[in-house]
Every structure is written in structure tokens, then in C-alpha cells.
Amino acid sequence: MKEDYLSWGRYPKVSQEIYNVLWRSESFPKINASTSYLPYGMGRSYGDVCLNNEGVILRTASMARYISFDERNGIIRCDAGVCLHDLLQFIVPKGWFVPVTPGTRYVTIGGMIANDIHGKNHHRVGTFGCHVNSFELLRSDGSRLSCSQKENPDLFAATVGGLGLTGLITWAEIRLSKIAGPYIDTETIRFDNLADFFELSKESDKAWEYTVAWIDSLAKGKSLGRGLFMRGNHSDKTGTEKLAEIKQKLTIPFDAPSSLLNKYSIKLFNNAYYRKQFSRTVHKPQLYDKFFYPLDGIGQWNRLYGKKGLLQYQCVVPAEAGNNAISDILSQCISKGQGSFLSVLKVFGKKKSPGLLSFPREGVTLALDFPNRGKETFSLLDTLDKIVLKAGGAVYPAKDARMDSTSFKTYYPNWNEFAEYIDPQFSSSFWRRVMEQTG
Ligand SMILES: Cc1cc2nc3c(=O)[nH]c(=O)nc-3n(C[C@H](O)[C@H](O)[C@H](O)COP(=O)(O)OP(=O)(O)OC[C@H]3O[C@@H](n4cnc5c(N)ncnc54)[C@H](O)[C@@H]3O)c2cc1C
């Protein structure tokens, strides 16, 4: 039976059939020979990479068992449906952390591989895919392929960042990072403009494992790109008694009116957030969830954007183009009166991603959240695409619901080579859209 389905951005809405995968040893579910399949983790992608309109999604959240853990060397093998939150609760007390984490802990290992996610330490360690030893891929013909840099290396490269199109990852083996305890020593510095951001980023890259900035997307003139620069290192502070406190404290119970997030409320929030700390620099140790996952404290915060949802726009532009391209993007948002509620800026490092279709590459990445106001928002994002294309950058599929085929093919020139590895029975709403296939 088909159900209406939304991803995290709540746009677009699709109708698809859900099949719950329970065991990694299950054979491939042949529901209907003419149907297409797509794996699904926790649907924390914003757009349609995790949606398959009129097809079947293979929901993996119940396939979530641990297989082995080499505690001495920090190597874990687990089902692809294991949720990052649960994994951290298991490994942090044992002195280990994931090598790379996104800004939410409600994602699965399979989803982290398929989008080759990046974190605040990209400048040091690259993407999540750089730390995957191996995984098993279940194809629709029933075959099971072991993939690593040595075994089926082509399929490994196509599957890391492969948007779920090459088959179902059933389990994966990951190399973890050693930590002393669950705390992060953090420093938050208020900065005045984009040039200051680039200075701070450069100065922090060597001594700080994690760096990222929140920016005030509506600040103009000399203050363009002002914000708060956050940097952190795993602390020597030990003690795991506070771990039990890591949970959602509040849930948004209904869709907010779409007028809640308007130009004035966003400006008010940005101003207040920019001034949230009295001194220019604040140091403090924080539990890892406060530093990495501040939004997870509020369940279903995406409902604040109202029924029409939100469009997130994340791009990366090469360093040479960085300052100008980012200034142009921010200026466009200001001139169109469309501020972003949460705007994040980060410099990516040189380490190459192992995936054929991975998004991260050396340069500067900017993520912006816009309430979906229909035509107005789509037209702004088309304009931003032009800036990114001109700068030789790319837009992140995990956050996208609207980029066109030409843009995708320019951002990802390997798409043709990648397409050879797609499982013949797998597809997604995203892929059909960027390949200009109907449905
Ligand atoms: C608040 C928030 C913060 C975020 N911060 C970041 C960030 O800092 N960095 C970043 O890179 N991303 C970030 N994201 C995006 C998120 O990390 C990715 O979209 C992630 O892939 C979602 O994982 P998921 O398990 O929910 O996968 P889904 O969204 O359900 O699926 C994502 C893709 O993975 C595929 N997939 C899922 N499971 C499997 C499997 N077992 N086998 C094969 N393919 C599979 C799906 O087909 C789909 O193409 C953020 C998202 C949110 C909501």
C-alpha cells in the first residue's frame, strides 16, 4: 500500500510503498518486477534523495544490530540501519567517537555512507567515506558483494556518496577515533565580516579539530557575513555520568503558521543570536551533543517552517572564488529580502573524498535554510546556482529538492561513469529529476 511521504525539508511530498528490512541476511524483497527500489535510513536528507515517488523504499531503521567491535583498535562492524545516536551511546563510554559526524545524530550508518557526509573536521580528516573499511552491498538480483578499497573498489567508490542507487548496504565496518571522554573544549568567537571569518578559519585549522561558523545572513555592508566562529577539540575531561541526559527535551507538536519565519523575525533572531555572548570570545567544555547537535534538542524543529516546509541550499565553491562568491550569494539573499534562519559557513580541506559522486571538495561551503515561499524561493535558488556554476562549485544533493539537470551534470561531471554502477532496479525521485526522467 502506498503512503504519502516527506523528507526532512517536507518538500516534495511523494507517494511510495514502504518495505521494512529487518535482517541483513534477508533476501532481496521482490515486490513487483516493474517497481523501483530505494534504501531509506531516517529521512534526514532535506530533499528527494531519500524519496522514490510511486516506487518502494527499503526502510532500514529496524536492521540495527552490532556485529563486532575491536575495542582495542576502534574498529566497529554493524548493520547499516544503526542510528548514530545509539552508536555514540555505545562507543563513547568505551573511549571512542565517530571519525566524522553530521549536525544531527538521527541518521543511519547507511545514510552517512550514501551521502558521504562531512562534518566540522573536514579540513583534518575528509569525509565519512574516508573512514569506511568495507561494507556489503545487496543488489536486486540477490547477489551480495563485499566492497572495500581492495575488493570491488569501483563499486565501493560508486556507493560512497552514491545516493542509495547502487544497491542496499546491509552492514559496514568503520574506523573510529580515540577520545578521553564525552566532552569537547569549545571556543566561540564573534567576528565582524567575511574577511574575518577566513582569517579565523586559517588561524584555527592547525590547532582545532572542529571548526564552523554561524553567520547572520541579513547583515549588510561592512558587516556582511558577520557571525560566530565555533571551534572545538576533544577534551581530556572524563566522566560519562551525564551521557544519560542526552535526549530530546522538546518537540514541536504542530506545523507553525508559515508566516512565523518572515524577513522580520529572521532579522530579529539573527541579531539576537549574533549578540548572544557578552564577550567576544567564550571558552567552555561542553558535552558532545551540545556542540555537534544543538538542533536535536528540539524534536521536529522542521515544523517551525510551516506546512510548505523549507528548502536548504548547501554549496561549495573553490577557495580562489570563495570570498567573492559567498559575498554574492549573501547579497542576493539580502536584495531579495529572503534571509536564512540558520546559515553555516565552513572551509573544507584538501583531503579527497573516496566517492565518485561525493559533494565535499576543497573550498568554502555555505548552507542556508529558506522557508518555502514557492516561486520567490525557487527563483532565488536558481540565481544562487548561477553564482555557484560560475565559481566552479557544486550543490549538495542531500540537501536539494530542485536543482536542474544541467546544473547537476556540471557539478558532478563523473555522473556518466557513476550511472554504470546503478542497480537496474534502483531509482529515486532525485535521480529521475536530475536525469530529466518523468515520475
Ligand atoms: C539537522 C541536520 C543537520 C545535518 N548536518 C549535516 C552535516 O553537517 N553534514 C552532512 O553531510 N549532512 C548533514 N545533514 C544531512 C544528513 O546527514 C544526510 O542527509 C544523511 O545522509 C541522512 O541520513 P539518513 O540515515 O537519514 O538517510 P536518508 O536521508 O534516509 O537517506 C539518504 C541517502 O542514503 C541512502 N541510504 C540510506 N540507507 C542506505 C543503505 N542502507 N544502503 C544504501 N543507501 C542507503 C538513501 O537512499 C538516500 O539516498 C544534516 C541533516 C539534518 C536534518
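Q: Where does Glu-362 lie between strand 19 and strand 20, and why is Glu-362 called partly exposed?
A: In this predicted model, where local features need pLDDT of at least 70, side-chain atom pairs count only at pLDDT 80 or more, and totals for chains, interfaces and linings use all residues, Glu-362 sits in the loop that runs from strand 19 (343–348) to strand 20 (363–371). Strands (E, at least two residues) and helices (H or I, at least four) are DSSP runs numbered from the N terminus. Buried means under 20% relative accessible area, exposed over 50%, and partly exposed in between, with a 1.4 Å probe and protein chains only; Glu-362 has 43% relative accessibility, and therefore counts as partly exposed. Residues are numbered from 1 along each chain as its sequence is written, and side-chain values use heavy atoms, with hydrogens and water left out.

Q: What makes the pairing of the side chains of Glu-362 and Lys-350 a polar contact?
A: A polar contact is a pair of N or O atoms within 3.5 Å, where within protein one must be able to donate a hydrogen and the other to accept it, and residues adjacent in sequence count only if both atoms are side-chain atoms. The side chains of Glu-362 and Lys-350 make such a contact at 3.2 Å. Leaving aside residues up to four places away in sequence, Glu-362 also touches others, including Val-317, Pro-318 and Phe-348, contact meaning heavy atoms within 4.5 Å.

Q: Which labels do Glu-54 and Asp-116 receive for accessibility?
A: Glu-54, with a relative accessible area of 52%, is therefore exposed, whereas Asp-116, at 0% relative accessibility, counts as buried. Glu-54 has a positive phi of about 70 degrees although it is not a glycine, and Asp-116, likewise not a glycine, has a positive phi of about 40 degrees.

Q: How do you know how compact the protein is for its length?
A: The protein has 12 helices and 21 strands. Its radius of gyration is 21 Å, close to the 22 Å that the globule rule gives for 439 residues, so the protein is as compact as a globular protein of that length; the radius is taken over C-alpha atoms, and the rule is 2.2 Å times the number of residues to the power 0.38.
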